[in-house]
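Subject: Structure handover

Hi,

Here is the structure I promised to pass on.

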Amino acid sequence: MSAQPAPAAHPEYPENIDAAVLKVAGVVVLGAIMSILDITVVNVALPTFQVELAGGGEPLAYSTVAWTVTGYTLALATVIPLTGWAADRFGTKRLYMTALLLFTAGSALCAAAQNIEMLVAFRVVQGLGGGLLMPLGMTIMTRAAGPKRMGRLMAILGVPMLLGPIFGPILGGWLIDVASWHWIFLINLPIGVVALVYAALVLPADRPEPSESFDWVGMALMSPGLAAFLYGISSIPEAGTIAAPKVLLPGLVGLVMIVAFVGYSFRPEHPLLDLRLFRNRNLTVSVVTMVLFAAAFFGGLLLVPTYFQQVRGESPVDAGWLMAVQGLGAMLTMPVAGALSDRLPVGRIVPVGLVLITGGMFALTQVGATTTYWYILPVLFVMGLGMGATMMPLMTSAIKTLTSHQVARGTTLLNISQQVASSIGIAIMSVVLTNGLKDDPLVAQAQGFQQASEGVTDPAAIGALLPRFPEVAAVLAPFGQDAAAGRAALLEAVRGAMASAFSTTFWVAAALVSLTLVPAFFLPRRREEAHLLDDASPEEVAPPVVLH
């Protein structure tokens, strides 16, 4: 079986989703699942890395093992700007298969890592492959779908983007419990092999255009600048303040390099990132809406599983199952929104989704330490409904306005915008939550009291510690010698204080989501004309088919 372009006798893409285009979508979804699942699965394993990679000594610092996440993210951000040029130079099929091979090989190396330094280095290799998968996948899906099916095909691509953050913690926790941390990487090997073979058979051969020169100056400015900026942003939660040198120095250097790139990028004929695309009004409005949405929603989404674990005492696996209700809501609306975006302007679809998300986020501001799950889970379900009606229609609106030769560079712009916005949103929410917890005297003193009293059983010795922790002493005082009741009351009080910090952070997330409604108001409210075929040759106009 081999994949080839259909003859030019078929000048129009069909209206319906056929088997050939679904096979192409299957390749892209497999790659997206690997890339996105890997990010969330590793988050669950960080405490395990602290112990098992410590070499038998003291557990590694959390900030050290967090480099397994940061290194992957920085590699991801560094390689994304290259995607548009590389897709035009080498062709999407060859480049996508190279990305799959790089990601799969990186996974095998990660599983074989003997220490934290090796693991971080191999995660960078993984990130170089993972950074290419999503923008390339969007380019492949767009070209396979054509102008009449784009919304429905983009909805299919959105499924792993939603389910990865939900089921990643479940899968990661289960693999660590029943096997070892190595399996969170080994599980990628069979998926990667299947995806490679599948891509070789199904993806249509494309004709790269190697005439474009590579923008070396843009590369020297944008990729290191983006990596430095995101490193500074991602260091904010650990540092606790923007003024810390490890935040300020790389953040400012990265920002200066990005600004320099923006000024430079209008000079070359073929820049690394084609910012001229922002002259397209619909693309610009879609990207601005996407940036605000990604910062608010993904930053707020991070809070919910953390609330389940820290305030409600749920395990990572149980927190993942509780979050699944949000994915269920998104799965219901995403195909509907995809079909509607092929028939209706997104300006009539996206605001509905944003209103649902905004309402859900404001509802979460009322969540406390003992709020019933019969309140929380329906709220998450409604937010999932909104998510399914928002994200992929936004991307569809942006890509519809591009010609076939602009798609690779347009999807690169979208992915960079989303990556940067998500990182900023997560940093903002993490800092607000961390400072809220630090500023509460009971939470701070309870942690100190727990460390000081660990292993102490003598009531007199424990009583001698209490003057150092007056907030804790005030909670324990009514229970006298009943240590068990006193500790239960302390735990309840601490969880109540922590819930208050989460509530404050949810207010910030809700306010940011509300701001998204402003640019969403300017999204197209009339049916958009797709421009995908405007500059396509007869061979490119024909939809890809699979020959058996």
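A cut-off to start with: buried means under 20% relative accessible area. By that rule, F49 and W181 are both buried. Please keep in mind that this is a predicted model.

Now the ring contacts. The structure holds eight aromatic pairs. One of them joins F49 and W181. Their ring centres are 5.4 Å apart, with 90° between the planes. That makes the pair edge-to-face. F49 sits in helix α1 (residues 19-52). W181 sits in the loop between α7 (150-178) and α8 (183-186). The two residues are 132 apart in sequence, so the pair ties together separate parts of the chain.

Next, Y307 and F502. Planes over 60 degrees apart count as edge-to-face. The planes of Y307 and F502 are at 75°, so this pair is edge-to-face. The ring centres are 5.9 Å apart. Y307 belongs to helix α13 (residues 281-310). F502 belongs to helix α22 (residues 483-520). The pair links distant parts of the chain, 195 residues apart. Y307 and F502 are both buried. Ring pairs also bring in F308 and Y373, giving a cluster of Y307, F308, Y373 and F502.

Last, the proline. P245 lies in helix α12 (residues 245-264). Exposed means over 50% relative accessibility. P245 has 66%, so P245 counts as exposed. Its C-alpha is 9.1 Å from that of G232. In sequence, P245 and G232 are 13 residues apart.

Best wishes

Conventions:
Residues numbered from 1 in each chain as written. Predicted model: local features only at pLDDT ≥ 70, side-chain atom pairs only at ≥ 80, totals over all residues. Heavy atoms only, no water. Phe/Tyr/Trp six-rings, centres within 6.5 Å; stacked < 30°, edge-to-face > 60°. Helix = DSSP H or I, 4+ residues; strand = E, 2+ residues; numbered from the N terminus. Buried < 20%, exposed > 50% of the residue type's maximum accessible area, 1.4 Å probe, protein only.
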